[in-house]
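Me: I have a new structure to look at and would like to talk it through. Could you take me around it?

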Amino acid sequence: MIVDVHENDSAMKSELVAALYATPGTIFIGTVTVAAVMAASALLTGDLAFHAMAAAMVAIGLFRYLSHRYYKGVHLGSASESQIGTLENLAMAGAWSTAALISGFGCYAVLRYTYEPVAALAIAQTIGYLAGISGRNSSRPVITRVQVLAAAMPFTFALLWTRDPAYLVIGLSVLLTTVLTFSSAQVIHEIFLARLRTMRELEHLAVNDTITSLYNRRGFMREIRQMAASGLPVTLISIDIDRFKSINDSLGHDIGDALLQGFSETLIAELGVGDIAARTGGDEFMVATSRDAEGSSALAARLVMMLASQRVIGGRHVTATASMGIAPAGCAASIDEALKCVDIALYRAKLDGRNRFVMYTDAIRNEHEDGVALETELRDAIRRGEFELYFQPIYNPRSGTATMAEALLRWRHPRRGMVSPDIFIPLAERTGLITVLGSWVLGEAIRTALSWPRSVGVSVNVSARQFDHGHDIVGVVEALLRMSGIEPQRLTIEITESSLIDDPDHVVSRLVALRALGVRIALDDFGTGYSSLSYLAHLPIDTIKIDQAFTQEIGTSRKADSLMNAIAQLAHDLKLRLIIEGVETQEQLTIIEKHAVHGIQGYIFARPMTAGDLLPMIGNRVATGRMGSARSRSGSRKPGRYSQVA
């Protein structure tokens, strides 16, 4: 990215003026040296002219010192045109008056004291000054040229006027030096501009993002610290493009970069005066605004809506949503801590389902910190073996026996007690620990099922994350089947439609491979979410399980009863086994039995129980009968029509 550098823009003028005042020490030393030489000449000759010149040099030095003091008191970044012009004029006056005085000193000494030591002193002084001019004032070549002409031309004429051969040679040398310095002043100036341009480009790259031209993290931090230091209230908005990696990977980096540019343009269009936007990471943006909480929420709401608009990029229709967190900078003692607050709010927005914004609160922070602690405890729990399996039997109303039991993972925490799966399963999925837990569950469920009658199978829920490309679930299941020797058809893998969201083709290929091993596949939670019928037509499944949320409406809603009839008929026509979850009442059981389902699961028969409690039920007697008033410790019913397993 090329940064334009023009001498007439305000930023450039400021830097050029700064270069004029960049070496105050050199000016001070030069003034003292010249004044000392003039004073020495006055002492050697007693000439009052030399005394006057020395005094004049001291006066010029004082003028340049005061000019520098004035420069130090002006903030160039906010200086007016008149202030910039005044600083330039003061620098020019100091430089040109010095050159004129030194030239006068040299001319007077050479012409008045031609063959005396004072002349040699003046010649050395003047030539030394001319040599020093060539490298100075490169930001303004006009100053250098005027200095050279003012100092060298009169002095050269004075040397030539003497007609002394030695002075003639010195005069010609000074004249040649003058011509070279005069002509090289513009070249030195161009080199100075090129260096300045390079430095400005590097500075721009250091604080700006190359794809979106917004600030990067470094530039953003600089700007918000300046906002905070100025006393302005600062509210931070953290923005993250949802599932950007999948867009980038599937459509290509060109499309991804164009999407980032589109997001940045939308951001800029919605921001107001004083708002700052930055791209701080791959798919992460930040906004700093002085608006209050209400204004920041309104801005975030507009951004959520605008950023989710469909875009045509490279001939493709691309829709990407964004999640946002909002936090006032005052939520913490420092800006760095405030950034953690806004990240926590963003994290919560993603947990809540994405495509939304969340305002930071202390309660959200406490929940986040508890979640972080729980993540550490989850890792420790896996190492210490704090997990165990509970089992809930699934009964076949046709045979009156338990034909399967669903394995349910439980975490018995030494301090928290029983931790709900609704808490630790999503956490395990987010952290990737679900692949470790899932493999353990599969192995433990198969090992436990080996102690059951061969007519009883085990059903295991499998997370969508277990189908990730980095985890070979087919290899895991195949190894467990081989090591245990269990019949593959006794293992049922339960999946939900969420497993198909990110990469359906890959998941279907894994399911086909599992079916090839002889394992059964069940579509769990049918009746909730979208429950697309295309799943039933195209997925390699054997069983559909009706979710308990749908079951609760059976007997209380005519629509639910009609849908139950349709689903049962559809399962029959597609030759799929049908299992109903969450059956709790006698009325529900009576209605469900009319649909010729293959399995019923729910509290009306048994609650989830340990393997030790389950074994006597399925090994000798099974849960029985209709609803009764009492349940045993394990949740089994009194003996009745659901009896002994064959």
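Predicted model: local features only at pLDDT ≥ 70, side-chain atom pairs only at ≥ 80, totals over all residues.

Me: Understood. What covers the buried residues of H2?

Reply: The cover includes helix H3 (48-72), helix H4 (81-112) and helix H5 (117-133).

Me: And which residues of H2 are the buried ones?

Reply: They are Ile 27, Thr 31, Val 34, Ala 35, Val 37, Met 38, Ser 41 and Ala 42. Seen down the axis of H2, these buried residues fall within an arc of 155°, so they line one face of the helix.

Me: What does the face turned away from the buried side of H2 carry?

Reply: That face carries the exposed residues Phe 28, Ile 29, Leu 43 and Leu 44.

Me: How many residues does H2 have, and how far does it reach?

Reply: H2 covers residues 24-45, which is 22 residues, and reaches 32 Å from its first C-alpha to its last. That is close to the 32 Å expected at 1.5 Å a residue. Just after H2 comes Gly 46, with a positive phi of about 70°.

Me: Which residues other than glycine have a positive phi?

Reply: Arg 243 is one of them, with phi near 55°. Lys 575 is another example, with a positive phi of about 60°.

Me: Where are those two found?

Reply: Arg 243 is in the loop between strand E1 (235-241) and helix H9 (244-251). Lys 575 is in the loop between helix H20 (558-573) and strand E15 (577-580).

Me: Now H10 and H11. At what angle do their axes cross?

Reply: The axes of helix H10 (residues 253-270) and helix H11 (residues 293-307) cross at roughly 145° and come within 10 Å. The crossing is right-handed. On the H10 side, the contact is made by Phe 263, Thr 266, Leu 267 and Glu 270. H11 contributes Leu 299, Arg 302, Leu 303, Met 306 and Leu 307.

Me: How do those contact residues divide?

Reply: Six are nonpolar, one is polar and two are charged.

Me: One more residue: where does Arg 465 lie, and what does it touch?

Reply: Arg 465 lies in the loop between strand E11 (457-461) and helix H16 (473-484). Leaving out residues up to four places away in sequence, Arg 465 touches Glu 429, Arg 430, Gly 432, Ile 434 and Thr 435. Arg 465 and Arg 430 are 35 residues apart in sequence, and their C-alpha atoms are 8.7 Å apart in space.

Me: Finally, how many helices and strands does the protein have?

Reply: It has 22 helices and 17 strands. Of its 646 residues, 46% are buried.

Note on methods: Residues numbered from 1 in each chain as written. Heavy atoms only, no water. Axes fitted to C-alpha atoms, helices over the stretch in contact; angles between N-to-C directions. Helix = DSSP H or I, 4+ residues; strand = E, 2+ residues; numbered from the N terminus. Left-handed = near helix turned anticlockwise from the far one by under 90°. Contact = heavy atoms within 4.5 Å. Nonpolar A, V, L, I, M, F, W, Y, C, P; charged D, E, K, R; others polar. Expected span 1.5 Å × (residues − 1). Buried < 20%, exposed > 50% of the residue type's maximum accessible area, 1.4 Å probe, protein only. Arc of directions from axis to C-beta.
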